[in-house]
Structures are given as structure tokens and as C-alpha cells.
Amino acid sequence: TIYKKGAHASYYHDKFTGRKTASGQIFDNKKMTAAHKKLPFGTKVRVTNEANGKSIVVTINDRGPFTKGREIDLSKKAFMEIARHSGYGAMKVTIEVITVK
């Protein structure tokens with residue numbers, strides 16, 4: 001189910017690696033995870049970069065982003081897999097809910 005089109009996505013800074021997420025898991029920028037304000041922890045979502053059509057599946061395990069206008073924070077690994085190149089810090093994405101916990 002499409003949750004949101006034209007959503008703004010960003011990624012976690014490396015300084016968060018090793019810290020606890022809101023779900024209690026330890027954050028790892030090399031895993032396929034994301035933060036969302038409302039979706040339940042454990043929800044799997046497909047995030048598609050609207051500029052190039054590349055998509056990844058991530059698991060929601062944290063709350064955020066707390067930057068105005070941002071919808072989802074991806075782990076760095078997930079973000080880089082769908083980014084056009086590593087110079088980008090944000091992108092427009094479509095978020096689709098695959099499974100809800």
C-alpha cells in the first residue's frame with residue numbers, strides 16, 4: 001500500500017552508530033533500517049527514490065526524523081543504495097508499507 005508519495009528522506013549521521021534506537025535496538029548505519037514518526041516498530045516499508053526508480057526495503061526501528069518537512073530517516077547503507085550519488089543528503093521518495101507488526 002502506498003503510504004506517501006513525494007516524501008522527503010534523509011539519512012543518519014555516523015555518530016548515531018552504537019546508540020539505542022527508540023525501539024531499544026542498537027543503531028547500525030550498515031543495516032537496512034529507518035526512523036518514522038508514526039509507523040509501528042517492525043513495519044517493513046519499500047522506499048523508492050523518485051528520481052531514479054531505485055528501491056530498498058527497510059524495517060522501522062526508531063522514531064524521527066525531527067527535522068521539519070522530513071518524513072523518513074534511512075540508515076546510511078539504505079540511503080546510499082538508492083541515491084543517485086553520495087553527494088546527496090536528502091531525496092524525494094515514495095514510501096510503501098509492505099508488512100505491519
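A salt bridge is taken here as a side-chain nitrogen of Lys or Arg within 4 Å of a carboxyl oxygen of Asp or Glu. By this rule the structure holds two salt bridges. The model is predicted, so local features need pLDDT of at least 70 and side-chain atom pairs count only at pLDDT 80 or more, while totals for chains, interfaces and linings use all residues. Residues are numbered from 1 along each chain as its sequence is written, and side-chain values use heavy atoms, with hydrogens and water left out.

**Salt bridges**

- Lysine 4 forms a salt bridge with glutamate 71, and the closest N and O atoms are 3.0 Å apart. Because lysine 4 lies in strand β1 and glutamate 71 in the loop between β4 and β5, this pair ties together parts that are 67 residues apart in sequence.
- Helices (H or I, at least four residues) and strands (E, at least two) are DSSP runs, numbered from the N terminus.
- The second salt bridge joins aspartate 14 to lysine 76, with 3.1 Å between the closest N and O atoms. Aspartate 14 belongs to the loop between β1 and β2 and lysine 76 to helix α1, so that distant parts of the chain, 62 residues apart, are linked.
- For accessibility, buried means under 20% relative accessible area, exposed over 50%, and partly exposed in between (1.4 Å probe, protein chains only).
- Lysine 4 is partly exposed at 34% relative accessibility, whereas glutamate 71 is buried at 16%.
- In the other pair, aspartate 14 is partly exposed at 43% relative accessibility, and lysine 76 is likewise partly exposed at 27%.

**Surroundings of glutamate 71**

- The side chain of glutamate 71 makes a polar contact with the side chain of lysine 4 at 3.0 Å. A polar contact is a pair of N or O atoms within 3.5 Å; within protein, one must be able to donate a hydrogen and the other to accept it, and residues adjacent in sequence count only if both atoms are side-chain atoms.
- Contact means heavy atoms within 4.5 Å. Leaving aside neighbours within four places in sequence, glutamate 71 is in contact with residues including Tyr3, Lys4, His8, His36, Pro65 and Ile95.
- Proline 65 is found in the loop between β4 and β5. The peptide bond from glycine 64 to proline 65 is cis, with omega near -5°.

**Barrel and strand pairing**

- Six strands form a closed barrel in the order β1-β5-β2-β4-β3-β6, with mixed pairing. From one strand to the next, the twist averages 45°, where axes are lines fitted to C-alpha atoms, for helices over the stretch in contact, and angles run from 0 to 180 degrees between N-to-C directions.
- Two strands pair if DSSP finds at least two bridges between them.
- Strand β1 (residues 2–11) and strand β5 (residues 72–74) pair in the parallel sense over three bridges; alanine 9 stands opposite isoleucine 72 in β5.
- β2 and β4 also run parallel and are joined by three bridges, with threonine 33 opposite threonine 59 in β4.
- β1 and β6 pair in the antiparallel sense over six bridges, and lysine 4 stands opposite isoleucine 95 in β6.
- β3 and β6 run antiparallel and are joined by six bridges; the bridge partner of asparagine 49 in β6 is valine 93.
- β3 and β4 pair in the antiparallel sense over five bridges. These two strands form a hairpin with five residues between them, and glycine 53 in the turn has a positive phi of about 80°.

**Nonpolar core**

- A nonpolar core is a set of buried Ala, Val, Leu, Ile, Met, Phe, Trp, Tyr and Cys residues joined through side-chain atoms within 4.5 Å.
- The largest nonpolar core has 19 residues, and those with the most contacts inside it are Val45, Val47, Val58, Ile72, Leu74 and Val93. β6 gives the most to this core, with four residues.
- Valine 45 stands opposite valine 58 in β4. Leaving aside neighbours within four places in sequence, valine 45 is in contact with residues including Leu39, Ile56, Ile72 and Ile95.

**An exposed loop residue**

- Lysine 20 lies in the loop between β1 and β2 (33–36) and is exposed, with a relative accessible area of 65%.
- Leaving aside neighbours within four places in sequence, lysine 20 is in contact with Gln25 and Ile26.
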